[in-house]
Amino acid sequence: MPYESQFRYSSKKSPISVQRITQRLNYIHKDAHMHHLTELLLVASHSQGEIFNNGSRQKISTPALILHRAGSYHYIDTFDSTEEGYICHCIYFNEQFVKQIPESLLHSDRLLCDDCLILELTPSQCREIERYVELLEEGGEDPDPERSLFLLMLILGEAHRLLPNTAPIRLNTPNDYIFDVVQYLVQHFNESLTTGEIAAKFHVSVSKINTDFHRITNQTLKEFHHHLRIARAEDLLIAQPDAPIADIAYRCGFSSESYFIQSFQKSAGITPNAYRKKHCK
């Protein structure tokens, strides 16, 4: 099926971060994108909208809480918003990082098991969640990880508490297997994978997977795999400022420190050390 917009890899810079989006009119955003972090959207304004996730489309009413799985290809459009315009809180988090929370509090088996989970909320339900999100926003661009983790736990706890009282909408990958390939690459970004091995895993020929992958993502498998590694390296350079460059290189799947530095500089325009100094400062 054809897609309206070009695939874009959107990297994030910390294990838990938050962004507030406000717009006076409807939010039309057919710029489908993905990233290696799970995305939680709290749309606090009142409107009608449409969610796109991995080829599936779903009409919704907001306010709503929306969870996009890491590696999913998604966007949201809204229509007929009230005078307040469009208000949305975007929380991005590394699922492996939050799994230090006990499963009894994380509820990943019910909240993080689909490509997309949608909970349409009443205004009072939205406000209950929004107060925790606003506390998370107070952390600014350099939030305390433990405080952020605690607040995220409360937000997910509220979502889990609401499940029995709402009609959750769950979206999952349609027939196009390329979305499964994207998920596989996100999960195995640091492994040495050949196109032949990936094609064999998904029971297709090398030429077919190359053609199909480029049709959906506008990138080759090799380019996409490389972007995943660089994005993860950017995260680690900031999150672990004392980690040796060589250690980050190997953890992100690069064969040597020198090759990592060369590849990073080509992608980011500066060396890993310069990148770390710039952002940590």
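At what angle do helix α9 and helix α12 pack, and how far apart are their axes? I looked this up first.

**Ground rules.** I am working with a predicted model, in which local features need pLDDT of at least 70, side-chain atom pairs count only at pLDDT 80 or more, and totals for chains, interfaces and linings use all residues. I number residues from 1 along each chain as its sequence is written, and side-chain values use heavy atoms, with hydrogens and water left out.

**Entry: α9 and α12.** Helix α9 covers residues 221-239 and helix α12 covers residues 272-280. Their packing angle is about 55°, and the axes lie 9 Å apart. That makes α9 oblique to α12. I note the cut-offs: under 35 degrees is roughly parallel, over 145 roughly antiparallel, 65 to 115 roughly perpendicular, and the rest oblique. Axes are lines fitted to C-alpha atoms, for helices over the stretch in contact, with angles from 0 to 180 degrees between N-to-C directions. Helices are DSSP runs (H or I, at least four residues), as are strands (E, at least two), numbered from the N terminus. The crossing of α9 past α12 is right-handed, meaning that the near helix is turned clockwise from the far one by less than a right angle.

I then listed the contacts (heavy atoms within 4.5 Å). From α9, Glu234, Leu236, Leu237 and Ile238 meet Pro272, Tyr275, Arg276, His279 and Cys280 of α12. By class, I find six nonpolar, one polar and two charged residues there. Nonpolar covers Ala, Val, Leu, Ile, Met, Phe, Trp, Tyr, Cys and Pro; charged covers Asp, Glu, Lys and Arg; the others, Gly among them, are polar.

**Entry: α6 and α8.** Helix α6 (residues 178-187) packs on α8 at about 90°, with axes 10 Å apart. The two are therefore roughly perpendicular. Ile178, Phe179, Val181, Val182 and Leu185 of α6 meet Ile209, Asp212, Phe213, Ile216 and Thr217 of α8. This contact has eight nonpolar, one polar and one charged residues.

**Entry: Gln219.** I found Gln219 in the loop between α8 (206-217) and α9. Is Gln219 buried or exposed? Its relative accessibility is 8%, so Gln219 counts as buried. Buried is under 20% relative accessible area, exposed over 50%, partly exposed in between (1.4 Å probe, protein chains only). The Gln219 side chain makes a polar contact with the side chain of His227 at 2.7 Å. I checked the C-alpha atoms of Gln219 and Asn165 too: they are 42 Å apart, at 54 residues along the chain.

**Entry: backbone.** Most residues other than glycine have a negative phi, and most peptide bonds are trans. I looked for exceptions. Asn54 has phi near 50°. Asn54 sits in the loop between β2 (38-53) and β3 and is buried, at 0% relative accessibility. His203 has phi near 60°. His203 belongs to the loop between α7 (195-201) and α8 and is exposed, at 72%. Thr62 and Pro63 are joined by a cis peptide bond, omega about 20°. Pro63 is in strand β3 (residues 56-68).

Technical notes. Polar contact = N/O pair within 3.5 Å; in protein donor to acceptor, adjacent residues only side chain to side chain.
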